[in-house]
Amino acid sequence: MTTALITHPDCLGHVNPNGHPEQVARLDFVLNALDGIPLTKMLAPLAAESDLLLVHPNSYVDRIKAKAPDQGIVQLDEDTWMSKGSLAAAYRAAGAAVRAVDVVLGGEAQNAFAAIRPPGHHAEKTTQMGFCLFGNVAIAAKYALEHHGLKRVAIVDFDVHHGNGTQDLLQEDERVLFISSHQRPLWPGSGDPEDTGEFENVLNIGFPPGSDGNLFRKVYERDVFPRIDAFKPDLILVSAGFDAHRADPLAQLEFETDDFAWVTGRICDLADKHCQGRVVSALEGGYDLEALAESAAAHVRILEERGR
């Protein structure tokens with residue numbers, strides 16, 4: 001078996017204003033860092049409209065398409081912009097997540113990493129937010145359930161910001177277990193541990209500013225891994241944000257690169273136990289370029305080792 005790397009040059013065509021943390025260089029740095037790892041490289045397709053509609057209403061998809069400019073950039077909200085290339089990038093990002101599901105569940109690869117932008121875990125049903133246009137990982141989860149006949153999908157989101165969009169899109173589906181660990185308090189202000197979803201299928205874990213990798217590991221061993229173990233998923237999806245790294249400028253957690261490698265390995269352990277090692281990971285945040293590249297490479301290196 002192998003590890004699939006799914007990406008597309010169109011994801012570099014999403015351009016934000018100068019100084020915006022979600023910059024084109026993020027993906028360049030990640031891809032350069034992954035270059036020496038033996039991966040099966042695949043081009044992301046454009047997401048089918050029907051796949052977007054698994055989680056977003058048609059009116060929202062149409063609104064995003066209508067907002068796409070022919071030139072320059074337009075502001076959708078305080079944090080989220082679109083340029084001429086953004087719509088194609090967003091369709092490729094969602095398409096990469098769906099393709100990753102097909103590749104892993106079809107036996108072409110043991111696991112997969114979607115190196116994509118824009119990210120997706122803040123996009124709610126009818127609202128773009130926090131640099132995100134479409135709910136990439138949520139789309140992948142629904143696609144796995146609806147098109148591959150899976151019974152249970154678990155999502156682990158270790159981005160430093162709460163995955164409010166993924167929760168909004170999936171909390172009413174009892175076939176999905178959504179776990180988000182994040183700094184709290186921090187934007188977007190959601191992710192209260194008492195918010196457990198429609199079917200008690202959401203686990204929100206808030207880390208106070210200054211929390212380090214030791215606490216991260218302790219809480220995951222105590223709370224996260226037992227929940228996944230009890231859920232017995234047919235597939236594990238990962239929202240892989242690396243902005244909990246101590247070098248990241250947008251938050252105040254103190255995780256190290258090794259912490260991301262560790263959690264990846266433990267997720268793979270659970271995947272080996274419950275779902276034949278099947279893991280699909282998609283890039284979310286991470287805004288210090290060097291820390292992002294190093295952490296993403298550590299994450300994918302573990303996937304590749306487990307995918308052999």
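The protein chain has nine helices and ten strands. Both are DSSP runs, numbered from the N terminus: helices are H or I over at least four residues, and strands are E over at least two. The model is predicted, so local features need pLDDT of at least 70 and side-chain atom pairs count only at pLDDT 80 or more, while totals for chains, interfaces and linings use all residues. Residues are numbered from 1 along each chain as its sequence is written, and side-chain values use heavy atoms, with hydrogens and water left out.

The overall dimensions come next. The C-alpha trace spans about 50 × 45 × 40 Å along its principal axes.

Eight strands form an open sheet with parallel pairing, in the order β2-β1-β5-β10-β9-β6-β7-β8. The edges are held by β2 (40-43) and β8 (202-207); each has a single partner strand, so one side of each lacks a neighbour in the sheet. Direction ignored, neighbouring strands are turned by 15° against each other on average. Two strands pair if DSSP finds at least two bridges between them. Strand β6 (residues 153-157) and strand β7 (residues 176-183) pair in the parallel sense over five bridges. Val153 has Val176 in β7 as its bridge partner.

Helix α8 (residues 257-274) lies across β6, β9 (235-240) and β10 (279-283). The helix runs at about 165° to β9. Contact here means heavy atoms within 4.5 Å. Axes are lines fitted to C-alpha atoms, for helices over the stretch in contact, and angles run from 0 to 180 degrees between N-to-C directions.

Arg117 and Pro118 are joined by a cis peptide bond, with omega about 5°. Pro118 sits in the loop between β5 (111-114) and α5. Phe131 is found in the loop between β5 and α5 as well. Its phi is near 80°, a positive value in a residue other than glycine. The peptide bond from Trp187 to Pro188 is also cis, and omega is near 10°. Pro188 lies in the loop between β7 and β8.

A cavity is a set of points where a 1.4 Å probe fits but cannot get out; a pocket is an open set with protein on both sides within 12 Å along at least five of seven lines; lining residues have an atom within 4 Å of a point. Grid points are joined across faces, edges and corners, and a volume is the space filled by probe spheres set on the points.

The largest pocket has a volume of about 180 Å³. Of its 16 lining residues, Gly130, Phe131, His161, Trp187 and Leu250 are the closest to its centre. Its lining has seven nonpolar, five polar and four charged residues. Ala, Val, Leu, Ile, Met, Phe, Trp, Tyr, Cys and Pro count as nonpolar, Asp, Glu, Lys and Arg as charged, and the others, Gly among them, as polar.

One cavity of 30 Å³ or more was counted. The largest cavity has a volume of about 30 Å³. Its lining includes Ala97, Val137 and Leu237. Three lining residues, the largest share, come from β10. By class, the lining has seven nonpolar, one polar and no charged residues.
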